[in-house]
Amino acid sequence: MNRIRPGHADNLDECRREAFRLLARGVADPRSPFHTPTLATVGPDGAPSLRTVILRAFDPTLRRLSVYTDARSAKAADIGVEPRVALHAYDAAARVQLRLTGRAALHRGDAVADAAWSSCRAQSRLCYAIEPAPGTPVDAPLPGPDDASAGRDNFVVVAIGVEAVEWLWLSADGHRRARFEWTGREPHATWLAP
Ligand SMILES: Cc1cc2nc3c(=O)[nH]c(=O)nc-3n(C[C@H](O)[C@H](O)[C@H](O)COP(=O)(O)O)c2cc1C
């Protein structure tokens, strides 16, 4: 357990800034645990599903996160019916857990998807060209596709409007837990019993 309390740990607004800083680092730094958070969706039958995704963008002003996926995936189907999603990651070195909730929108074949596709590396584009659709049972492991162009139609940007963030910091002299909820521009911020 860490014994040195970081400067932000007693100030709610600083905790919120720190949470946003961790998310921004998650986009920029592949070694950050926030680069590969877990995304939760709810299926049409009410059952939750979890999977690792790569955090591709974070806009702190709009509080919007972006993740890329395949339009044919289960998560895209879930979001199409129930846009409420949750995201989780834990940074073991910093001993910080972030839990986010929000609403997701799917961008397929629009300007948002075009811009993201243009910035995608060739290797990443291949993921969206896989046939048959992700999750389809197959007789044997499939070879990777070698033509990414077929993936363009399947490529979707999942834009998540963040509605609440929970920050938890584990500390030997008392864990700290704070919650931030937005209904307008400014968050409602509160400490929570850990
Ligand atoms: C490190 C890592 C990163 C991943 N990144 C993504 C991603 O950005 N987008 C995505 O759709 N799947 C990603 N996956 C695969 C998903 O975890 C999941 O297996 C796949 O998308 C199927 O999920 P679904 O059937 O729930 O839609 C990643 C997996 C790992 C292990």
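Which element gives the largest share of the lining of the largest cavity, and how many residues come from that element?

A: The model is a predicted one. In the largest cavity, strand 5 supplies the largest share of the lining, with three residues.

The setting of that contribution may be described first. A search of the whole structure finds two cavities of 30 Å³ or more. The largest cavity has a volume of about 40 Å³, and its lining is made up of L23, F34, P37, L55, L87, H88, A89, L98 and L100. Two elements each give two or more residues to this lining, namely strand 5 (84-91) and strand 6 (96-107). By class, eight of the lining residues are nonpolar and one is polar, while none is charged.

The second largest cavity holds about 30 Å³ of space. Its lining consists of L65, V85, A86, L87, L100, T101, G102, I160 and V162. Here the elements that give two or more residues are strand 5, strand 6 and strand 7 (155-169). Seven residues of this lining are nonpolar and two are polar, again with no charged residue.

The pockets come next. About 300 Å³ of space lies in the largest pocket. Of the 16 residues that line the largest pocket, I54, R56, Y68, S124 and Y128 lie nearest its centre. The lining of the largest pocket divides into eight nonpolar, five polar and three charged residues. The second largest pocket, with a volume of about 170 Å³, is lined by R16, F20, P60, T61, R63, W182, R185, E186 and P187. In the lining of this second largest pocket, four residues are nonpolar, one is polar and four are charged.

Two of the residues nearest the centre of the largest pocket, I54 and Y68, also belong to the surroundings of the ligand. A backbone N or O atom of I54 lies 3.0 Å from an oxygen atom of the ligand. For Y68, a backbone N or O atom is 2.8 Å from a nitrogen atom of the ligand. A74 likewise places a backbone N or O atom 3.3 Å from an oxygen atom of the ligand. Taken alone, the ligand exposes 620 Å², of which the protein buries 57%. The elements that give two or more residues to the shell around the ligand are strand 2 (48-52), strand 4 (64-70) and helix 2 (74-81). This shell comprises four nonpolar, four polar and two charged residues.

W191 is placed in strand 9 (residues 187-192). The relative accessible area of W191 is 35%, so this residue is classed as partly exposed, that class lying between the limits of 20% and 50%. The C-alpha atom of W191 is separated by 9.7 Å from that of D10, although the two residues are 181 residues apart along the chain.

To return to the request, strand 5 gives three residues to the lining of the largest cavity, and strand 5 is also among the elements that give two or more residues to the lining of the second largest cavity.

Definitions and conventions. Residues are numbered from 1 along each chain as its sequence is written. This is a predicted model: local features need pLDDT of at least 70, side-chain atom pairs count only at pLDDT 80 or more; totals for chains, interfaces and linings use all residues. Side-chain values use heavy atoms; hydrogens and water are left out. On a 1 Å grid over the protein atoms alone, a cavity is a set of points where a 1.4 Å probe fits but cannot get out, and a pocket is an open set with protein on both sides within 12 Å along at least five of seven lines; lining residues have an atom within 4 Å of a point. Grid points are joined across faces, edges and corners, and a volume is the space filled by probe spheres set on the points. Helices (H or I, at least four residues) and strands (E, at least two) are DSSP runs, numbered from the N terminus. Ala, Val, Leu, Ile, Met, Phe, Trp, Tyr, Cys and Pro count as nonpolar, Asp, Glu, Lys and Arg as charged, and the others, Gly among them, as polar. A residue is near a molecule or strand if one of its heavy atoms lies within 4 Å of it. A polar contact is a pair of N or O atoms within 3.5 Å; within protein, one must be able to donate a hydrogen and the other to accept it, and residues adjacent in sequence count only if both atoms are side-chain atoms. Accessible areas come from the Shrake-Rupley method with a 1.4 Å probe; for residues, only the protein chains shown count as cover. Buried means under 20% relative accessible area, exposed over 50%, partly exposed in between (1.4 Å probe, protein chains only).
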